[in-house]
Amino acid sequence: MLTRARLALVLSLAASSLAALGCGGAQQPVPSANANANANANANANANANANAPTVDDARAFLAQVDTDLHALWAARDRAAWVSLTYITDDTEALAAAGEQATAEYVTKKVQESQRFAALALPDDLARQMKLLRLAQTVPAPSDPQKANELASIEAAMGGAYGKASYCPPATSKLRSFLKKGETCMHLEDLEKVLSTSRDPAALEEAWKGWHDTARPQRDRYVKYVALANQGAKELGFADVGALWRSGYDMKPEDFEADIERLWGQVKPLYDELHCYARSKLRAKYGKDKISEHGLIPAPYLANMWAQSWEDDFDLLAPYRGEPTLDISKTLAAKKIDAKGMVKIGESFFTSLGLDPLPASFWERSMFTRPRDRDVVCHASAWDVTWNDDLRIKMCIEPTTDDLVVIHHELGHDFYYSQYYKMPILFQTTGANDGFHEAIGDTIALSVTPQYLKDRGLLTTLPKGDKSRIDALMKKALEKVAFLPFGLTIDKWRWDVFAGKTPPERYNQAWWALKAKYQGVGPGEARTEDDFDPAAKYHVATSTPYIRYFLAFVYEFQFHRALCKAAGFTGPLDQCSIYGNKAAGEKLRAMLAMGESKPWQDAMQAITGDREADASAILEYFAPLRSWMKDQIKDEKCGW
């Protein structure tokens, strides 16, 4: 066979011969010696170029080395990150920054090197790894080492500042009664407890403002962060960081944005009805001077620091008072089930489906409660720290129903990690996509039905009748449906910031405009550009993309419907539990084991039979509540 270099030489010589023969047999001038020399030189150059052209084997070797290097770099980075979040000091922040800088610089360099394979036809698995390499760094570093170091330091500082932030109420404050013994300042979880339990307007407003004001110092850092991160993204060929993030969904970025709006359009009517109902009930409690008849709901009155979920206002929004609830907090406390015991409950659900138990190292290395001797970031997260089944969770667990649900969510990440950790590392970064990763644990939590809780000894009697069912659906809607527009706003805000559509002088204004548009929620008090309210949310302060959560809240109901079908369940979706069903577990495992080796549409098909996201399962799940709610708001002026 002819090599490509040899073929080029043959074609070159053949072309010279044809030129010498000419057309129609006419005599042509004989080439000069110089012309022949030039032709030979060109042919040799072409031959050498083709001889040095990269091959599929070269690409395979390149990716094998990347795999080895990234395992070492990401393990070192994540060890440092784990320590920096569970033991916050200037030194641990510096170590985390160094780890982030090293990996960011390496990925940027390897993406640039990978361009030599751009024109090469690669097997599907290698082509996908090349694509994922380009997307591997959430915040790519500029190639300039000084700027890369500055970016890493800013990211570490923002995360550290968030973890250390606290509000110290003055002596005259009503919040003083919420202080723990011997303390004068309140961490985030202390302020969240005020919002979830107090019904005093002054206390609610102070707790909300106290936390949001802690984010003010982040503004200047964030402006520099945006500029440096965008420089890194542009060096990789993206218009900005937002464009890089939107490229990670096996769709064109513009098609992905359109699909997000399609999904939102499916569920918006349900959200609008829930907003209308909630506003009417809150107005009845707090009065028209606090909650208007046809305006935005003030965020401090929605019992959540970011108004992202409203279930802690259930005492005010419950359809029927006095009905049994699924709140098992008192049972957990009475049974003296500690943090580790709650995690054991979560683990047992996954193992009932046929998945392997968590490794012994999980129980030795996780952080289950807030240490009293140091600052930590309590925001719950799940880890495979060394990318080798080194599973952990980081959480400050309280014996509450809500925290039991969060545990299921975080363990969903860990059980996902456990199914694909032996794959090439570039197939381990997000699961099928990052929305899939966020959805798994919440899908399992939808199976935590009254019957399941009774079977586990956490509920003594089963609630009966339509009233209890409507109450349970309302509480779930206040968590899930209320969240959906919030799940859009954070990244819509960041996409515009990264793209330059929202300049620094309008950061806060743009934030509240989006919250008004999608959520129908306002700040309750005037906020200015001296404030920087987006950074009061963990994911903004720590560069964590957020649209994944919107996707997850859609996917989980779609997954739940599919797994219930696999389990042979034929009743209403809100009554289905797949606990203990190995057939459902096998379908789940088949999807988890794919990691990111295939487009997410393939993974979606593996678990649901469909190749696109579909929010209709949400409407099906909440159909009984929606019928009831429409009658409740028939005299209300809905919208805002």
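Start by selecting helix 14 (residues 339-352) and helix 16 (residues 401-420); helices here are DSSP runs of H or I, at least four residues, numbered from the N terminus. Helix 14 passes helix 16 in a right-handed crossing, that is, with the near helix turned clockwise from the far one by less than a right angle. The two axes come within 9 Å and cross at roughly 50°, the axes being lines fitted to C-alpha atoms over the stretch in contact, with angles from 0 to 180 degrees between N-to-C directions.

Now show side chains. On helix 14, pick Met342, Val343, Ile345, Gly346, Glu347, Phe349 and Phe350; they contact Asp403, Leu404, Ile407, His408, Leu411, Gly412 and Phe415 of helix 16 (heavy atoms within 4.5 Å). Colour by class and you get nine nonpolar, three polar and two charged residues, where Ala, Val, Leu, Ile, Met, Phe, Trp, Tyr, Cys and Pro are nonpolar, Asp, Glu, Lys and Arg charged, and the others, Gly among them, polar.

A quick note before moving on: this is a predicted model, with local features needing pLDDT of at least 70 and side-chain atom pairs counted only at pLDDT 80 or more, while totals for chains, interfaces and linings use all residues. Numbering runs from 1 along each chain as its sequence is written, and side-chain values use heavy atoms, without hydrogens or water.

Next stop: helix 11 (residues 253-286) and helix 27 (residues 623-632), whose axes come within 10 Å and cross at roughly 50°. That makes helix 11 oblique to helix 27, and the crossing is left-handed (anticlockwise instead). Select Pro269, Leu270, Glu273, Leu274 and Tyr277 in helix 11, then Arg626, Trp628, Met629, Lys630 and Gln632 in helix 27, to see where they meet. This contact has six nonpolar, one polar and three charged residues.

Methods. Helices (H or I, at least four residues) and strands (E, at least two) are DSSP runs, numbered from the N terminus. Angles under 35 degrees count as roughly parallel, over 145 as roughly antiparallel, 65 to 115 as roughly perpendicular and the rest as oblique.
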